[in-house]
Amino acid sequence: MKTQIQNMKNYIVSHKKTSALVLLVLAFIGYKVLSPSSSKTDLYTIKKSDIVQKVIVNGNTKAVRDSSLAFEVNGTVRSSNVSVGSRVVVGQALVSLDQGTLYAELLKAQANIASEEARLEELKKGSKPEDIAVSETEVANAKVTLEDAEKNLQNKVVDAINNNVDQFFSNPKTNNPQFSLVVNDSQLKNNIISGRTAVEIIIQTWTVGDIDKNLPEVLRLIDNVALVVNSQSASNGVSQATVDANKASISSARSTVTTARETLNSSRSKLALAEKNLTLKKSGSTPEVIKAQEAKVLQNQAQVESVQAQLSKMTLRSPQNGVVTKQDAKVGEIVTPGKVVVTVISDSDLEIESNVSEVSIGKVMVGNEVLITFDAFPGETFSGKVSYIEPGETVVDGVVNYKITVAFSEKYPQIKSGLTSRLELITSEKKDVLTVP
């Protein structure tokens, strides 16, 4: 027996194996051989080999990118270009809503911007001689219109006084007119009489330059007479028909003069505007005017972009190459914002998700090699690496787990989303070391 031990020592020494592990094995064997209680000797062969530590879990394949698409706006589905199983590419139109109203708004906005840009170019170039001539004609016409309005106002005043107001006077055109209606307020009566005398002077000496000064006197006379007329009632031989006729007559006088004055004021405004435009055309556009027009162009450009942005929201486009796995949009159906109508997954880019228990997660690191097998492909082994470890725990059936993601090392066209897999995570490995069973 001692000879066997010596032979073993010689064998180890001849191969220069002096590690602590060898000494431990020798001590163990010596103990077994020399122990009086040992009835049988077991011999073990020490050899070099690779040691691999693994964590084995199950997982399922899933798409790396899974896009659920929904509209941001309400609308009616106009077209649906794909169905479940359709292969799509980035940017491909999937479902569109009716765009008629928005398209009309876009055309209008584009027309507006074209108009404002043309106006800007005109301002930068300055006015053409023919444009100045047109403006000069507009000023001349506005002056004629104003003169007609002034004459019209003068005629209306004369008609209102002679035809509507003077019926309540005797000797109205003299220096001593008499008011024929009963007036309890003596001051009001005096104002009416003196007013009629003043208005007669105005009518006889009317000039264009005195319109604004004289017209208030005319209106004051009409208003004072109206106070008396409108306070009348049927009595003392005055019929209701007469009272009503008097009120209508004085109201007509006020309306006639007021309307003529408004026409005059409108003619003045038109002349002022025409003269201003002529001045601008002759002097050219100021930097401030050009900047203001440039701002209008920018505003219209923003409007066009806004409508275009709204139009883009009316069509769902694929964000990736992949396969449609859900399509719930039907032509004519009204969809609501936020409701998922189409789902697209990346069928060529797959990964595996799995849960690793808290007992084993400490051994797993990002970058660990993974051997992968599928029930769908018996006898085949695929390779991958741990690409992500979720920092937060996931409780499954009361057990704490941590979700990991495994990325395939290369493209495997035959693998599909949703397949069950067996994962062998290689967490540690020693190559060419001395081992015992």
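Me: Is the crossing of α3 and α8 left-handed or right-handed?
Reply: This is a predicted model, in which local features need pLDDT of at least 70 and side-chain atom pairs count only at pLDDT 80 or more, while totals for chains, interfaces and linings use all residues. Residues are numbered from 1 along each chain as its sequence is written, and side-chain values use heavy atoms, with hydrogens and water left out. Helices (H or I, at least four residues) and strands (E, at least two) are DSSP runs numbered from the N terminus. A crossing is left-handed if the near helix is turned anticlockwise from the far one by less than a right angle, and right-handed if clockwise, and the crossing of α3 and α8 is left-handed.

Me: How many nonpolar residues does the contact of α3 with α8 have?
Reply: Contact here means heavy atoms within 4.5 Å, and the classes are nonpolar (Ala, Val, Leu, Ile, Met, Phe, Trp, Tyr, Cys and Pro), charged (Asp, Glu, Lys and Arg) and polar (the others, Gly among them). By that division, the contact of α3 with α8 has eight polar and seven charged residues, and its nonpolar residues number 13.

Me: Do the axes make α3 and α8 roughly parallel or roughly antiparallel to each other?
Reply: Axes are lines fitted to C-alpha atoms, for helices over the stretch in contact, and angles run from 0 to 180 degrees between N-to-C directions. The axes of α3 and α8 come within 9 Å and cross at roughly 160°. Angles under 35 degrees count as roughly parallel, over 145 as roughly antiparallel, 65 to 115 as roughly perpendicular and the rest as oblique. The two helices, α3 and α8, are therefore roughly antiparallel.

Me: How far apart are the end C-alpha atoms of α8?
Reply: The expected span of a helix is 1.5 Å times one less than its number of residues. The 26 residues of α8 (residues 287–312) should therefore span 38 Å, which agrees with the distance between the end C-alpha atoms, 37 Å.

Me: Which elements do the buried residues of α8 pack against?
Reply: Buried means under 20% relative accessible area, exposed over 50% and partly exposed in between, with a 1.4 Å probe and protein chains only. In α8 the buried residues are Ile290, Gln293, Val297, Asn300, Val304, Val307 and Leu311. An α-helix has 3.6 residues a turn, so residues three or four places apart point the same way. The buried residues of α8 pack against α3 (100–125) and β8 (315–317).

Me: What angle do the axes of α5 and α6 cross at?
Reply: Helix α5 (residues 186–204) brings Leu188, Ile192, Val199 and Ile202, among others, to meet residues of α6 that include Val218, Leu221, Val225 and Val228. By class, this contact has ten nonpolar, four polar and two charged residues. The crossing of α5 and α6 is left-handed, and their axes, which come within 9 Å, cross at roughly 145°.

Me: How many charged residues does the contact of α6 with α7 have?
Reply: The helices α6 and α7 pack at an angle of about 160°, with their axes 9 Å apart, which makes α6 roughly antiparallel to α7. Asp212 and Asp223 of α6 are among the residues that make the contact, as are Lys247, Arg254, Arg261 and Arg268 of α7. By class, the contact of α6 with α7 has eleven nonpolar and two polar residues, while its charged residues number six.

Me: How far apart in space are Ser67 and Val324?
Reply: Ser67 is found in strand β2 (residues 66–70) and is buried, with a relative accessible area of 14%. Leaving aside neighbours within four places in sequence, Ser67 is in contact with Pro319, Gln320, Val342, Thr343 and Val344. Ser67 and Val324 are 257 residues apart in sequence, and C-alpha to C-alpha their separation in space is 9.6 Å.

Me: What is the phi of Asn171?
Reply: Most residues other than glycine have a negative phi. Asn171 lies in the loop between β6 and β7, and at 48% relative accessibility Asn171 counts as partly exposed. Although Asn171 is not a glycine, its phi is positive, at about 55°.

Me: What percentage of the residues of the chain count as buried?
Reply: The chain has eight helices and 16 strands. Among its contacts with a separation of 6 or more, residues 24 or more positions apart account for 76%. Of the 437 residues of the chain, the share that counts as buried is 33%.
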